[in-house]
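Subject: Handover of a structure and its findings

Dear colleague,

Please find the structure below for your records. A written account of the findings follows it.

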Amino acid sequence: MATGFVDASYQAFDECRTRVRTASQEFNLADILKDSKSKTPAERTDPTLFGMLNNVTDLTAQMDATWAAVRAEIESGRLKLAEVERALSDVETNLRTAAAASGA
């Protein structure tokens, strides 16, 4: 009976790890925006988009800083998902090692 429970746990770890891997691979700005009308912004905002607006350089610098922060947060999320995937793999490995050591 314990074997069935352990096998189900291994399957759950594998499924969770697979879903986390898939999510981490799709976690980028282009994929997030793919179903919207918005496009991934350029690295630098072209000041000419705003015509003769006063302080346009400050505005575009703030826009660029905001998008840089968004990109950094998305990358941070992707890296955290990759860490979760590795942790799930480690837990499964440890469970298998413990089960083998106990003769289960």
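Within the protein chain, confidence is lowest in helix α1 (residues 2-25), where the mean is 78, and highest in α3, where the mean is 91. Confidence here is pLDDT, the predictor's own score for each residue on a scale from 0 to 100. Helices in this account are DSSP runs of H or I with at least four residues, numbered from the N terminus. Over the protein chain the mean pLDDT is 85, and 91% of the residues reach 70 or more.

Please note that this is a predicted model, in which local features need a pLDDT of at least 70 and side-chain atom pairs count only at pLDDT 80 or more, while totals for chains, interfaces and linings use all residues. Residues are numbered from 1 along each chain as its sequence is written, and side-chain values use heavy atoms, with hydrogens and water left out.

Salt bridges

Side chains of opposite charge can pair when their charged atoms come close. A salt bridge is counted when a side-chain nitrogen of Lys or Arg lies within 4 Å of a carboxyl oxygen of Asp or Glu. The structure holds 7 of these salt bridges.

One of them joins D14 to R17, with the closest N and O atoms 3.0 Å apart. Both residues belong to helix α1 and stand 3 residues apart, about one turn of the helix. D14 is partly exposed because its relative accessible area is 39%, and this class covers values between the limits for buried (under 20%) and exposed (over 50%), computed with a 1.4 Å probe on protein chains only. R17, at 12% relative accessibility, counts as buried.

Helix α1 also contains E15 and R19, which are 4 residues apart, again about one turn of the helix. Their salt bridge has its closest N and O atoms at 3.2 Å. E15 is partly exposed, with a relative accessible area of 41%, whereas R19 is exposed at 58%.

In helix α3, R78 forms a salt bridge with E75. The closest N and O atoms of this pair are 2.6 Å apart. Because R78 and E75 are 3 residues apart in helix α3, about one helical turn separates them. R78 is partly exposed, with a relative accessible area of 27%, and E75 is partly exposed at 33%. Salt bridges that share partners also join D14, R17, E92 and R96 into one network.

D64 is found in helix α3. Apart from its neighbours within four places in sequence, D64 is in contact (heavy atoms within 4.5 Å) with E43, R44 and T45.

Aromatic rings

A search of the whole structure finds 0 aromatic pairs. Such a pair would need rings of Phe, Tyr or Trp (its six-membered ring) with centres within 6.5 Å; planes under 30 degrees apart count as stacked, over 60 as edge-to-face and the rest as tilted. R96 does lie over the face of Y10, at 3.7 Å from the ring centre. A charge sits over a ring if NZ of Lys or CZ of Arg is within 6 Å of the ring centre and within 35 degrees of the ring normal.

Partly exposed residues and a loop position

L59 is placed in helix α3 and counts as partly exposed because its relative accessibility is 32%. Leaving aside neighbours within four places in sequence, L59 is in contact with F50 and L53. L79 also lies in helix α3 (residues 56-102) and is partly exposed, with a relative accessible area of 40%. The C-alpha atoms of L79 and F27 are separated by 9.4 Å, although the two residues are 52 residues apart along the chain.

I32, in helix α2, is partly exposed with a relative accessible area of 45%.

Finally, N55 is placed in the loop between α2 (29-33) and α3. N55 has a positive phi of about 60° although it is not a glycine, and it counts as exposed at 57% relative accessibility.

Yours sincerely

Conventions: Helices (H or I, at least four residues) and strands (E, at least two) are DSSP runs, numbered from the N terminus.
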